[in-house]
Amino acid sequence: MKRKHQILTIPNLMSLFRLCLIPLIVWLYHKKEMYGLAAFTLVVSGITDVADGIVARRFNMVSDFGKAFDPVADKLTQFAMLVCLAVRFHWILVPMCLILVKEILTGILKMAVIRKTGIVEGADWHGKVTTVLLYITIFLHLAWYEIPDVWSIALTALCTAMMLISFILYGIRNLKLLKNRKY
């Protein structure tokens, strides 16, 4: 059974679950100062992120909605955690602002592509690498409360660089799709 247009699928429910974990992680981090538990909850979120993709492909549950919804859950989780961490690590404001600008502009271009071509593109390799680097960086900042500034800045710089590369590559892809209706 083709599920391209279905919304209520197991992978999409997993993405919804990840969205529901965001307030819990923020609460554990800021209100309760339970950094290890916040890190563990982030790992659970990350595992469900990987699992929803595997389930979607393995059981033919890939949907256009899921292709759009899954990255929204990822980016909202990442952004919320970057906001939390920026309170202690001011240099995290850079990737926090970049992710906001990147996702707004990429989202606008993506919507234009969908309107013009009907194509709903999934994540490319560079988007997945960026996501993994962000999760690793956020996890280390949560789990290693006294992370030395040199490590924090290096991880933040690496994430920011990869995010910028991904932003450029997604921009090129979406502009090509808009111009040629091909990729």
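In the predicted model, the lining of the largest pocket comprises 21 nonpolar, 12 polar and 13 charged residues. This lining is made up of 46 residues in total, and those that lie nearest the centre of the pocket are K67, D70, P71, D74 and A123. Two or more lining residues are given by each of the helices α1 (10-31), α2 (35-58), α3 (64-86), α4 (93-117), α5 (125-143) and α6 (149-180), and the space within the pocket amounts to about 1200 Å³.

The largest nonpolar core contains 28 residues, among which Y29, L42, M81, L82, L85, I138 and L142 have the most contacts inside the core. The elements α1, α2, α3, α4, α5 and α6 each give two or more residues to this core. For I138, when neighbours within four places in sequence are left aside, the contacts are with L42, Q78, M81, L82 and L85; of these partners, L42, M81, L82 and L85 are themselves among the core residues with the most contacts.

T77 is located in helix α3, and its relative accessibility is 2%, so that this residue counts as buried, the cut-off for that class being under 20% relative accessible area. With neighbours within four places in sequence again set aside, T77 is in contact with R18, I22, L42, S45 and Y135.

Terms used: Residues numbered from 1 in each chain as written. Predicted model: local features only at pLDDT ≥ 70, side-chain atom pairs only at ≥ 80, totals over all residues. Heavy atoms only, no water. 1 Å grid on protein atoms, 1.4 Å probe; cavity = no way out; pocket = protein on both sides within 12 Å on 5 of 7 lines; lining within 4 Å. Points joined across faces, edges and corners; volume = space filled by probe spheres on them. Helix = DSSP H or I, 4+ residues; strand = E, 2+ residues; numbered from the N terminus. Nonpolar A, V, L, I, M, F, W, Y, C, P; charged D, E, K, R; others polar. Buried < 20%, exposed > 50% of the residue type's maximum accessible area, 1.4 Å probe, protein only. Contact = heavy atoms within 4.5 Å. Core = buried A, V, L, I, M, F, W, Y, C linked by side-chain atoms within 4.5 Å.
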